[in-house]
2 protein chains.
Amino acid sequence: MKAEAVEAEALLPAAPQAGSGRANNSRIVGTSVHASVANEIGQRIVRGDYPPGSILPNEAKWAETFEVSRSAVREAIKMLMAKSLLSSRPKVGSWVEPRDRWNLLDRDVLTWYATSPNREAFLISVQEFRHIIEPEATALAALRRTDEQMAEISTACREMGEATSLPQRTQADTRFHLAILRASGNELLVPLGTLIESALAHLFVFVTREADDLRHAQGLHEAIEKAIRLRRPEAARNAVRKLLANTDEVIARV
Amino acid sequence: MKAEAVEAEALLPAAPQAGSGRANNSRIVGTSVHASVANEIGQRIVRGDYPPGSILPNEAKWAETFEVSRSAVREAIKMLMAKSLLSSRPKVGSWVEPRDRWNLLDRDVLTWYATSPNREAFLISVQEFRHIIEPEATALAALRRTDEQMAEISTACREMGEATSLPQRTQADTRFHLAILRASGNELLVPLGTLIESALAHLFVFVTREADDLRHAQGLHEAIEKAIRLRRPEAARNAVRKLLANTDEVIARV
DNA sequence: TCATATGATTTGTAGGACAATTGTTGACTC
DNA sequence: GAGTCAACAATTGTCCTACAAATCATATGA
């Protein structure tokens, strides 16, 4: 090809480069090349740079763009195919699949979605989804939890109360909700934990809670814990609904 | 390496080989090599051949086993990594991730799960999941459907009634439920369509319905269609609950 | 006993070569 | 002029080889 050596794009968010000079090859830390490439391309797709149905640049082009080997690009693309973001055929190339084939519940896709321009739409969808899932999941947990699962839930709930920093509290909060999903006894509910994780992680950025709010929220969590402990599905369902309503309200303020 | 040329395993379900002789290289039809390998390894993992935490054979070993190149194996493994079934590190190898990290809601993983030894557990989980999701999703659809979406739902419902063969009917049934999910106005619900698809596909194998059952089920579907058409969320919710109860009963008979 | 090197194994990355697939173009025929 | 068919070209698919990087295990030494 006669293509001139175009400026390669950096894969990771601009590492402060020691030796100034050439701005790429800045692969910095723990991430492997194919993972970075998958991340970058995936993000662009979800962000809308390449609308569904459109043909992506071919593998050689990506390799050139990122200054990596075609093998690495191919592995990245295979990862995106596994998430149904892409398909490809010889001579045609790779194209973006229609949006309703995307596996939006995938951890990575969700992350890309959460950081894309329409963050608010995302948050609203997730919160609505929680309204559908969590009351029922918690009711099931109240019926079927084992003692070990109960211990996990109680521990997380207590650590939430004792947390001294917001990140620490958020982490305990997440553990609390994930433990409930696991205790529901339905394996298919567990993967939805990524949704909740994502929701809480992004909520925590938005929200600066007052001390009063914190105490109130803690009380709501403890009500859930209690209902599960006493094996009262109906009470559990209602307690979760109250918590979600509270969260809705916090969101609405912003 | 001193490894003897061991018998390679066939990737696809035993093609009737013309020239008898060597039993592999039987890659037959439209599937690419890396996809076949991913399918085979994925199925084995979900089936339980390699329990979570255990180390898989290394890439070279897989390449030898399937008589494909290491590149193809790597691309397959990357696909499984994208579904969180695997992780890998240099020198250590690839290991199976804990079950609760698997993306069970992924189309492929779900298929592998559905064909694994514990099919019944799978079907029960899916049906329970439907109880959680579908009533609410349908209520939302009743509130937010557009006219185009309504047309899709009505068409599918009608075609269900007019279907002359069971596969044809199942297909229309699937389209009906997927259209409702899409009409719910919550993007995150759409990916759950794979669950319902899978459920109906596998239910249809189990069940041989009587003419009476068929008429009854059709009536239940039409009730749902009507509730959505008249924008009555509460009626829609109840209609779906009735349909699911009916399905439960059919399952219980077997 | 603990820290430190060093060795070996496995994945990670690169690059090149060719096969397979298939859209496109152009020639040929009716 | 329309339609059919063959040749071409572009792109992914597959294979191969070589080396780099990471890291576990072992041995070595203080």
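1. Helices (H or I, at least four residues) and strands (E, at least two) are taken as DSSP runs, numbered from the N terminus. On that basis chain A has ten helices and two strands, in the order α-α-α-β-β-α-α-α-α-α-α-α from the N terminus on.

2. This is a predicted model, in which local features need pLDDT of at least 70, side-chain atom pairs count only at pLDDT 80 or more, and totals for chains, interfaces and linings use all residues. Residues are numbered from 1 along each chain as its sequence is written, chains are lettered from A and ligands numbered from 1 in the order in which they are written, and side-chain values use heavy atoms, without hydrogens and water.

3. Of the 254 residues in chain A, 48% are buried (under 20% relative accessible area, 1.4 Å probe, protein chains only).

4. DNA strand C is surrounded by 23 residues, the closest being V33(A), H34(A), S69(A), R70(B) and K91(B); a residue is near the strand if one of its heavy atoms lies within 4 Å of it.

5. A polar side-chain atom of R70(B) lies 2.8 Å from a base nitrogen, and a polar backbone atom of K91(B) lies 2.9 Å from a base oxygen. For S71(A), a side-chain N or O atom is 3.4 Å from a base nitrogen. Elements giving two or more residues to the surface near strand C include α1 (33–47) of chain A and β1 (86–89) of chain B.

How values were computed
Buried < 20%, exposed > 50% of the residue type's maximum accessible area, 1.4 Å probe, protein only. Polar contact = N/O pair within 3.5 Å; in protein donor to acceptor, adjacent residues only side chain to side chain.
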